[in-house]
Amino acid sequence: MAEKSFKYVILGGGVAAGYAAREFAKQGVKPGELAIISKEAVAPYERPALSKAYLFPESPARLPGFHVCVGSGGERLLPEWYKEKGIELILSTEIVKADLAAKTLSTASGETFKFHILIIATGSTVFRLTDFGVQGADAKNIFYLREIDDADTLVEAMKAKKNGKVVIVGGGYIGIELSAVMKLNNLDVSMLCPEDWFMFRLFTRDIAAFYESYYEHKGVKIIKGTVAVGFTADSNGEVKEVKLKDGRVLEADIVVVGVGAKPLTALFKGQVAEEKGGIKTDGFFKTSVPDVYAVGDLSTFPLKMYNELRRVEHVDHARKSAEQAVKAIKANEEGKTIEEYDYLPFFYSREFDLSWQFYGDNVGDTVLFGDNNPASPKPKFGTYWIKNGKIFGAFLEGGSPEENKALAKVARVQPLVESPDLLAKEGLAFATKI
């Protein structure tokens, strides 16, 4: 089979790949120097749309509407853009072997790609219930959401099972976003949350109480503190029941599972240093192997603010880490230096008429402020996390762009807090005066 050679190869076709390509174009990549190899059949797109606007009952998002980089207010990079820039998009191509020392990537059919510099941007894949041996988890109409093909099959099922019963397994990001969008589609929605409250890794009990009440008012049933242990199917092999650990049985026409993701690092095992489940990098996203960089979900990088190595699964980090790696590559070639990555953790979501943002680290004691009554016409409330007398994290529901910016600044500056009681009274005003 033919061998192709490139100066730069981005392996993976998700958000990070698209933002890296844009940065290469900004930095002046020459035609034919850069290739993106992706197992998906479409050019890089903004993945968060899949659990939100892609599933809307009215005016749903469709490609080419959400190719990168529209998610951050940038230019939409259509397939033609890559062609104009001389960037080769190698789609529907799965790499099955990577030899980092020999600088080669190979497909199952024997195609080989040589690189001088590699950016690993393979991201994550979802955990499947079949991975854990859950009985009946291979029934039809049990879905996972990661790529556009997953979203398309889910859309078809929603049409086929109009007004049907949906069980969402998982109370994290996918759980809260899909529960909301499924309800907008007039489906009967139950969300299974294994912990004591949903978004357990980020939300406090007080924050979660607001959203749980809001969701229940919208008609979403939230079942906490138990897990799915099995599924039964009908004579067509389609799921019909979800068995819970506490003995209850839920009827289901559709099941969507969101129980976390794992970094796609298998191709590189034993070839590159790993840490905390990801590929270990420095503040420029260089790995332990010369000329090999790793960005996005699978990089374990120095989180400078907190002086620790961390892996962050979020679109904001995927975008920014990709840009940082390309800047570092080009600076290195030109004998220049750039600042180390100094990331402020950022998470956000939108469900129903709600919109929240979080910055920083959710560690320490918490102070709740504002109007967190779910029945309010426009609720606006937040929480500060205080550790060692300083603000480490900040959360806000219903904030304006300016208020969210103030929140980010507070989390970055980490001001001292004299009195938690006074902070609760001041609330958002404390952030806006920093």
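**Strands S13 and S14.** I started with strand S13 (residues 239-244), which is joined to S14 by three bridges, the two running antiparallel. My strands are DSSP runs of E with at least two residues, helices are runs of H or I with at least four, and both are numbered from the N terminus. I call two strands paired if DSSP finds at least two bridges between them. I looked up what faces Lys-243 in S14, and Val-249 stands opposite.

**Ground rules.** This is a predicted model, so noted: local features need pLDDT of at least 70, side-chain atom pairs count only at pLDDT 80 or more, and totals for chains, interfaces and linings use all residues. Residues are numbered from 1 along each chain as its sequence is written, and side-chain values use heavy atoms, with hydrogens and water left out.

I traced an open sheet of three strands in the order S12-S13-S14, with antiparallel pairing. S12 and S14 (249-251) stand at the edges with a single partner strand each, so one side of each has no neighbour in the sheet. From one strand to the next, the twist averages 25° (axes are lines fitted to C-alpha atoms, for helices over the stretch in contact, with angles from 0 to 180 degrees between N-to-C directions).

**Ala-228.** I found Ala-228 in strand S12 (residues 228-233). Is Ala-228 buried or exposed? Its relative accessible area is 10%, so I put Ala-228 down as buried (buried is under 20% relative accessible area, exposed over 50%, partly exposed in between; 1.4 Å probe, protein chains only). Not counting residues up to four places away in sequence, Ala-228 touches Val-134, Val-169, Leu-192, Val-242, Lys-243 and Leu-244; contact here means heavy atoms within 4.5 Å. I also checked Gly-370, 142 residues along the chain from Ala-228: their C-alpha atoms are separated by 36 Å.

**Cores.** The largest nonpolar core has 108 residues, and Phe-198, Phe-203, Tyr-211 and Trp-356 have the most contacts inside it. I count as a core a set of buried Ala, Val, Leu, Ile, Met, Phe, Trp, Tyr and Cys residues joined through side-chain atoms within 4.5 Å. Helix H1 (residues 15-27) gives the most to this core, seven residues. There is a second, separate core of 21 residues, including Ile-90 and Phe-113. Looking past its neighbours within four places in sequence, I listed the contacts of Phe-198; among them are Met-191, Phe-203, Tyr-211 and Tyr-215.

**Aromatic pairs.** I pair rings of Phe, Tyr and Trp (its six-membered ring) if their centres lie within 6.5 Å; planes under 30 degrees apart are stacked, over 60 edge-to-face, the rest tilted. How many aromatic pairs does this rule give? The count comes to 33. For Tyr-211 and Phe-395, the ring centres are 6.4 Å apart and the planes at 85°, so I logged the pair as edge-to-face. Tyr-211 lies in helix H5 (residues 205-218) and Phe-395 in strand S26 (residues 390-397), so the pair ties together parts 184 residues apart in sequence. Tyr-211 is buried at 1% relative accessibility, and Phe-395 is buried at 1% too. Phe-285 and Tyr-341 have ring centres 4.7 Å apart and planes at 75°, so this pair is edge-to-face. Both Phe-285 and Tyr-341 are buried. One aromatic cluster includes Phe-198, Tyr-211, Trp-356 and Phe-395.

**Charges over rings.** The rule needs NZ of Lys or CZ of Arg within 6 Å of the ring centre and within 35 degrees of the ring normal. The charged end of Arg-128 sits over the ring of Tyr-144, 4.5 Å from its centre.
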